[in-house]
Amino acid sequence: MIKAQILKAIKEMPNIERLEVIEFALRLLREDMDKPEELSLKSAAEIMRTYYVEGSEITEFVDTCNEDFYEYHDYA
């Protein structure tokens, strides 16, 4: 079942059944939180790769000036 169908079904339920669904979903979340995933450094690097490729959004904030920052005295 896709998200839209689930949400539509929840809207059509009486309140007591909605609460049962919410409690069930919370129980699933708590179970997942009790067993955190282990992420290897390699996997983490793969996830973050797209953020650091040239031209990505995060590289807009990179200072491309090769001068030493401690010698820069033009303060705002």
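**Surface and charges**

Mentor: The protein chain exposes about 8000 Å², and carbon and sulfur atoms supply 58% of that area. The model is a predicted one. Of the 76 residues of the protein chain, 1% count as buried. The chain has three helices and zero strands, so from the N terminus on its elements run α-α-α.

Confidence comes next. The mean pLDDT of the protein chain is 81, with 75% of its residues at 70 or more. Among the helices, helix 1 (residues 3–12) has the highest confidence, at 92, and helix 3 has the lowest, at a mean of 84.

Side chains of opposite charge can pair when their charged atoms come close. Arg-49 forms a salt bridge with Glu-46, and their closest N and O atoms are 2.7 Å apart. That distance counts because a salt bridge requires the nitrogen to be within 4 Å of a carboxyl oxygen. By this rule the count comes to one salt bridge. Arg-49 has a relative accessibility of 48%, so Arg-49 counts as partly exposed. Glu-46 has 43%, so Glu-46 also counts as partly exposed.

One is a patch of negative charge on the surface, where Glu-31, Asp-32, Asp-34 and Glu-37 gather. Of these, Asp-32 lies in helix 2 (residues 15–34). The other is a nonpolar patch on the surface, formed by Ile-16, Leu-19, Ile-22, Leu-26, Leu-29 and Met-33. Together these six side chains have about 610 Å² of accessible area. Met-33 lies in helix 2, and Met-33 counts as exposed because its relative accessibility is 64%.

To return to the part in question: the salt bridge joins Arg-49 and Glu-46, and both residues are partly exposed.

How values were computed:
Residues are numbered from 1 along each chain as its sequence is written. This is a predicted model: local features need pLDDT of at least 70, side-chain atom pairs count only at pLDDT 80 or more; totals for chains, interfaces and linings use all residues. Side-chain values use heavy atoms; hydrogens and water are left out. Patches are made of residues with over 30% relative accessible area and no salt bridge: like charges are joined within 9 Å, nonpolar side chains (Val, Leu, Ile, Met, Phe, Trp, Tyr) within 5 Å. Accessible areas come from the Shrake-Rupley method with a 1.4 Å probe; for residues, only the protein chains shown count as cover. Lys and Arg count as positive and Asp and Glu as negative; His and the chain ends are not counted. The place of a charge is taken as NZ of Lys, CZ of Arg, CG of Asp or CD of Glu. Helices (H or I, at least four residues) and strands (E, at least two) are DSSP runs, numbered from the N terminus. Buried means under 20% relative accessible area, exposed over 50%, partly exposed in between (1.4 Å probe, protein chains only). pLDDT is the predictor's confidence in each residue, from 0 to 100.
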